[in-house]
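Colleague: Please take one part of this model and go through it closely. I would like the cut-offs stated along with the values.

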Amino acid sequence: LYWFSDIKPTGAHLNLTWEKRTLPLLIETDVHNQVLAGIEQVLQQKPGDWQLLAQAADYLVQNNLQPERALTYINESLKLQDSATNNWIKARLLAQQQDFGTAIVYARKAIKLGDKEDAAFKAQLPTMRIALTEWQAKAY
(Lines give C-alpha, C1' and ligand atoms only; values in the text may rest on other atoms or scores of the structure.)
Protein backbone atom coordinates (compact mmCIF):
# COMPACT_ATOMS: atom_id res chain seq x y z
CA LEU A 1 0.00 0.00 0.00
CA TYR A 2 1.27 3.51 -0.69
CA TRP A 3 -0.22 6.82 0.43
CA PHE A 4 0.76 10.46 0.89
CA SER A 5 0.77 12.46 4.13
CA ASP A 6 1.97 15.85 5.40
CA ILE A 7 1.10 17.39 2.04
CA LYS A 8 2.36 20.96 1.72
CA PRO A 9 3.14 23.24 -1.22
CA THR A 10 6.82 22.33 -0.90
CA GLY A 11 6.46 18.56 -0.67
CA ALA A 12 4.90 15.54 0.99
CA HIS A 13 5.69 12.19 2.52
CA LEU A 14 5.19 9.11 0.38
CA ASN A 15 4.45 6.26 2.76
CA LEU A 16 5.09 2.68 1.66
CA THR A 17 3.31 0.18 3.88
CA TRP A 18 3.56 -3.58 3.88
CA GLU A 19 2.37 -5.88 6.60
CA LYS A 20 3.15 -4.06 9.85
CA ARG A 21 5.85 -1.72 8.56
CA THR A 22 5.66 1.73 7.00
CA LEU A 23 8.53 3.50 5.33
CA PRO A 24 7.99 7.27 4.90
CA LEU A 25 9.92 8.94 2.09
CA LEU A 26 10.15 12.72 1.97
CA ILE A 27 9.56 14.22 -1.46
CA GLU A 28 10.41 17.91 -1.76
CA THR A 29 10.11 20.42 -4.56
CA ASP A 30 10.82 24.11 -4.89
CA VAL A 31 7.39 25.17 -6.10
CA HIS A 32 7.84 28.91 -5.71
CA ASN A 33 11.05 29.10 -7.74
CA GLN A 34 9.49 26.97 -10.48
CA VAL A 35 6.40 29.19 -10.58
CA LEU A 36 8.50 32.37 -10.57
CA ALA A 37 10.58 31.07 -13.47
CA GLY A 38 7.37 30.29 -15.35
CA ILE A 39 6.00 33.75 -14.59
CA GLU A 40 9.14 35.39 -15.97
CA GLN A 41 8.99 33.27 -19.11
CA VAL A 42 5.32 34.10 -19.77
CA LEU A 43 5.81 37.81 -19.08
CA GLN A 44 8.72 37.92 -21.54
CA GLN A 45 6.46 36.40 -24.19
CA LYS A 46 3.58 38.80 -23.45
CA PRO A 47 5.05 41.86 -21.71
CA GLY A 48 2.07 44.16 -22.25
CA ASP A 49 -0.64 41.88 -20.88
CA TRP A 50 -2.14 43.62 -17.85
CA GLN A 51 -3.96 40.48 -16.72
CA LEU A 52 -0.80 38.36 -16.69
CA LEU A 53 1.01 41.06 -14.74
CA ALA A 54 -1.87 41.18 -12.26
CA GLN A 55 -1.88 37.39 -11.92
CA ALA A 56 1.87 37.39 -11.33
CA ALA A 57 1.51 40.04 -8.62
CA ASP A 58 -1.43 38.16 -7.11
CA TYR A 59 0.64 34.96 -6.83
CA LEU A 60 3.35 36.88 -4.99
CA VAL A 61 0.82 38.56 -2.69
CA GLN A 62 -1.00 35.30 -1.90
CA ASN A 63 2.28 33.64 -0.99
CA ASN A 64 3.79 36.69 0.71
CA LEU A 65 6.82 36.60 -1.58
CA GLN A 66 9.00 39.37 -3.03
CA PRO A 67 6.81 42.42 -2.29
CA GLU A 68 9.02 44.73 -4.37
CA ARG A 69 8.59 42.51 -7.41
CA ALA A 70 4.84 42.28 -6.78
CA LEU A 71 4.65 46.07 -6.60
CA THR A 72 6.50 46.37 -9.92
CA TYR A 73 4.12 43.92 -11.59
CA ILE A 74 0.95 45.48 -10.21
CA ASN A 75 2.04 49.04 -11.00
CA GLU A 76 2.76 48.02 -14.59
CA SER A 77 -0.61 46.29 -14.76
CA LEU A 78 -2.35 49.42 -13.48
CA LYS A 79 -0.59 51.55 -16.10
CA LEU A 80 -1.99 49.29 -18.81
CA GLN A 81 -5.52 48.84 -17.39
CA ASP A 82 -7.15 50.40 -14.35
CA SER A 83 -9.51 47.67 -13.16
CA ALA A 84 -11.08 46.42 -9.97
CA THR A 85 -8.88 43.33 -10.08
CA ASN A 86 -5.49 45.01 -10.10
CA ASN A 87 -6.59 47.73 -7.67
CA TRP A 88 -7.67 45.02 -5.22
CA ILE A 89 -4.36 43.18 -5.61
CA LYS A 90 -2.45 46.40 -4.92
CA ALA A 91 -4.64 47.08 -1.88
CA ARG A 92 -3.83 43.64 -0.46
CA LEU A 93 -0.12 44.09 -1.17
CA LEU A 94 -0.06 47.46 0.60
CA ALA A 95 -1.96 46.04 3.57
CA GLN A 96 0.63 43.25 3.84
CA GLN A 97 3.25 45.97 4.06
CA GLN A 98 1.27 47.71 6.83
CA ASP A 99 0.45 50.69 4.58
CA PHE A 100 -3.23 50.60 5.52
CA GLY A 101 -4.01 54.20 4.55
CA THR A 102 -3.00 53.65 0.93
CA ALA A 103 -4.48 50.14 0.91
CA ILE A 104 -7.85 51.68 1.82
CA VAL A 105 -7.66 54.04 -1.15
CA TYR A 106 -7.03 51.17 -3.59
CA ALA A 107 -9.66 48.94 -1.96
CA ARG A 108 -12.31 51.65 -2.26
CA LYS A 109 -11.34 52.19 -5.88
CA ALA A 110 -11.56 48.44 -6.56
CA ILE A 111 -15.05 48.30 -5.06
CA LYS A 112 -16.10 51.34 -7.08
CA LEU A 113 -14.70 49.93 -10.34
CA GLY A 114 -16.12 46.45 -9.81
CA ASP A 115 -18.88 45.26 -12.09
CA LYS A 116 -21.83 44.87 -9.75
CA GLU A 117 -23.42 42.42 -12.22
CA ASP A 118 -20.38 40.13 -12.46
CA ALA A 119 -20.86 36.96 -10.40
CA ALA A 120 -17.15 36.65 -9.55
CA PHE A 121 -17.04 40.24 -8.30
CA LYS A 122 -20.25 39.76 -6.29
CA ALA A 123 -18.75 36.70 -4.62
CA GLN A 124 -15.58 38.59 -3.69
CA LEU A 125 -17.28 41.78 -2.53
CA PRO A 126 -18.04 40.66 1.07
CA THR A 127 -14.38 39.70 1.57
CA MET A 128 -13.30 43.06 0.17
CA ARG A 129 -15.61 44.94 2.52
CA ILE A 130 -14.45 42.97 5.56
CA ALA A 131 -10.80 43.62 4.71
CA LEU A 132 -11.53 47.31 4.14
CA THR A 133 -13.17 47.56 7.57
CA GLU A 134 -10.21 45.81 9.22
CA TRP A 135 -7.72 48.08 7.46
CA GLN A 136 -9.68 51.16 8.50
CA ALA A 137 -9.51 50.04 12.11
CA LYS A 138 -5.75 49.59 11.83
CA ALA A 139 -5.15 52.85 9.96
CA TYR A 140 -7.00 55.18 12.27
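Modeller: What follows covers the largest pocket and then one serine.

This is a predicted model, in which local features need pLDDT of at least 70, side-chain atom pairs count only at pLDDT 80 or more, and totals for chains, interfaces and linings use all residues. Residues are numbered from 1 along each chain as its sequence is written, and side-chain values use heavy atoms, with hydrogens and water left out.

The largest pocket holds about 230 Å³ of space. A pocket here is an open set of points on a 1 Å grid over the protein atoms alone, where a 1.4 Å probe fits, with protein on both sides within 12 Å along at least five of seven lines; lining residues have an atom within 4 Å of a point. The volume is the space filled by probe spheres set on the points, which are joined across faces, edges and corners. Its lining has 15 residues, and Ala84, Thr85, Asp118, Phe121 and Gln124 lie nearest the centre. Two or more lining residues come from each of α2 (50–62), α4 and α6 (119–139), helices being DSSP runs of H or I with at least four residues, numbered from the N terminus. The largest share, five residues, is from α4.

Ser83 sits in the loop between α3 (67–80) and α4 (84–96). Ser83 counts as buried because its relative accessibility is 12%, the limit being under 20% with a 1.4 Å probe and protein chains only. A polar atom of the Ser83 side chain lies 3.3 Å from the backbone nitrogen of Thr85. Leaving out residues up to four places away in sequence, Ser83 touches Trp50 and Leu113, where contact means heavy atoms within 4.5 Å.

Definitions and conventions
Buried < 20%, exposed > 50% of the residue type's maximum accessible area, 1.4 Å probe, protein only. Polar contact = N/O pair within 3.5 Å; in protein donor to acceptor, adjacent residues only side chain to side chain.
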